[in-house]
Amino acid sequence: MKKYLLIITAALLTGLTSCVDLDLYPLEELSDGSFWKTPKDAEMAVSDLYPSLPYWVVDDDINSDNAVHGIKWAAGNISKGIYDPLDFSWSGSYTVIRQTNLILSKIDDIPDYDQAEKEKVLGQTYFFRAFHYFDLIRSYGDVPYIDKPLTLADQASITRTPREEVYTKMMADFDKAIAYLPTQWGASDYGRITKGAAYAMKARAALYYGNWKVAADNAKAVMDLGVYSLYDKENTGKYEELFWEKTDGCDEFILVRQFKASENGWYLIGWEAFPTKGWGGINPTQSLVDAFEDINGAPIEESTIYDAKNPFANRDPRLEVTVLHDGDVMYGDTIKVAPLPSSGNTGIGQHNDATATGYYQKKWLDPSIDPLSTGWDMGKDAVEIRYAEVLLTYAEAMNELSALSADAFDAVNQVRRRVGMPDLQNSDASLPTYCATQDDLRQRIRNEWRVEFALEGGKRQWDIRRWGIAEKVLNEPFRGLKYKLVDSPNAPKKDNGKICILYEGDQITVPNYGGYKPHNYVYPVPQKERDLNPNLTQNPGY
């Protein structure tokens, strides 16, 4: 059973979450006379950083080619190709950065602080500062780099620091975190940042900017810790449980944000959504559905066993875990997606929040939670990093460093074997898993990223940017399944003599999604910040 890290927001720290400019107002307003006197003060301050770990990024796949939002009003501008500087904000990240700087500036003032315990606080603090700077540079490119508490007088000189310089300083912070953090915490400290989490985040950052050696070395460091492993690595059919509350605390999870039903639950099922109610939540696109290989490891466009009229048969088992489709039974009801009254709430177009593509998401629908009673109160931890990411990071980086590397094959195949998919290989050209060139393996690894992390963590939107394919995939039409309505004397009366044949006929096209220009590689600098500080320049194209 997982234990819960107690997040404490000390009264003296409440001012740290207000927003002024870059959230950099005079920190002398905090009373040094009553705080920063004992180790407990530092521990309280670092615990207050943990709520900054993300969790609602499950919606971010609508900013890629993986999904659209069935709850139509909830689709944000980015998913529509609109990058308005007024929509963006970085104040939350700078709030946390300011708090990390405060901790680092005050911790040495605490007398009689055991060095080992101090280093644990330092390690967590450096991690959070690096974590948020990575999010900032990935999102905006050049950003102000601040590594000490500032006064109001300091703000006049704030400018954007080159991304490369911030990256170098950020990676140094990850190194300090790695040096100071323990490999494991005691059970009562479940959820705290570990050495493995710092290695893994450093690897993620290096991978994003194509620093293959650094990415590979740090991913390998996580692997060599011997602490983490894939859940159900022997493939006993439990992969779907990975996304249910029962697996919280398992060895695959490297970094999580904790939740506990009835205390700080987060409504994931209700939003993503209650399929028996037909609330659209996140609707997978046909492009995502088609990305899952057949059971022999062939892409469906090359498959000899794929049946377009029975598209969920003989497919990668992860497809059934990820996508809820017509005929699935969930929470005691059979899902129907035909655009007819007989399909009820789950039919295409039956109400404004029904599926827009003919598919619903399934990945987080925990069958142990009754959506009609407790579904709004879900205690599933939000997983920021799991071990599968480390393996795919290592596979991608090793293939870039050494074409068709045996290490690359081994790492990616660990992820595939866990769900019973055949190994990728370069020894038997007669098999559909054969990779003849570095680019063959590169493309298969990229597809593995997509299907393993579909509808999870918003990874796809960043992957298509770092691979340089965002302009291609986001400017293609967003589509759903095919269907056609035909006359039938056996049709239910409510359907006006029509029946629906799925997976034939015309394909759904979802309007108002996608759209990408080369300058969208980074977001616009928030207009609010530029209004407050004219020294902040705007990114080109905005």
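Angles under 35 degrees count as roughly parallel, over 145 as roughly antiparallel, 65 to 115 as roughly perpendicular and the rest as oblique. Such angles run from 0 to 180 degrees between N-to-C directions, and axes are lines fitted to C-alpha atoms, for helices over the stretch in contact. Helices (H or I, at least four residues) and strands (E, at least two) are DSSP runs, numbered from the N terminus.

The model is predicted: local features need pLDDT of at least 70, side-chain atom pairs count only at pLDDT 80 or more, and totals for chains, interfaces and linings use all residues. Residues are numbered from 1 along each chain as its sequence is written, and side-chain values use heavy atoms, with hydrogens and water left out.

The pLDDT is the predictor's confidence in each residue, from 0 to 100. The protein chain averages a pLDDT of 91, and 93% of the residues score at least 70. Residues 6-21 have a pLDDT below 50; this stretch has 40 contacts in the model beyond near neighbours in sequence. Contact means heavy atoms within 4.5 Å. Residues 23-30 also have a pLDDT below 50, with 31 contacts beyond near neighbours in sequence. Where pLDDT is low, the predicted coordinates should not be read in detail.

Helix H3 (residues 115-140) meets helix H1 (residues 39-47). Their axes come within 10 Å and cross at roughly 25 degrees. H1 and H3 are therefore roughly parallel to each other. Their crossing is left-handed (the near helix is turned anticlockwise from the far one by less than a right angle; clockwise would be right-handed). H1 supplies Ala42, Glu43 and Val46 to the contact, and H3 supplies Val121, Gln124 and Thr125. By class, this contact has 3 nonpolar, 2 polar and 1 charged residues. Ala, Val, Leu, Ile, Met, Phe, Trp, Tyr, Cys and Pro count as nonpolar, Asp, Glu, Lys and Arg as charged, and the others, Gly among them, as polar.

H3 also packs with helix H4 (residues 163-180). The two axes come within 8 Å and cross at roughly 155 degrees. H3 is therefore roughly antiparallel to H4. This crossing, too, is left-handed. Residues of H3 in the contact include Leu122, Tyr126, Phe127 and Phe134, and those of H4 include Val166, Met170, Phe174 and Ala177. The contact of H3 with H4 has 14 nonpolar, 1 polar and 6 charged residues.

Helix H5 (residues 195-208) and helix H13 (residues 459-466) form another pair. Their axes come within 10 Å and cross at roughly 40 degrees. H5 and H13 are therefore oblique to each other. Arg204, Leu207 and Tyr208 of H5 touch Lys459, Trp462, Arg465 and Arg466 of H13. The contact has 3 nonpolar, no polar and 4 charged residues.

An open sheet is formed by 3 strands in the order S10-S9-S11, with antiparallel pairing. Two strands pair if DSSP finds at least two bridges between them. Strand S10 (498-502) and strand S11 (506-510) are the edge strands, each pairing on one side only. From one strand to the next, the twist averages 40 degrees. Strand S9 (residues 478-487) pairs with S11 over 4 bridges. Tyr483 stands opposite Asp506 in S11.
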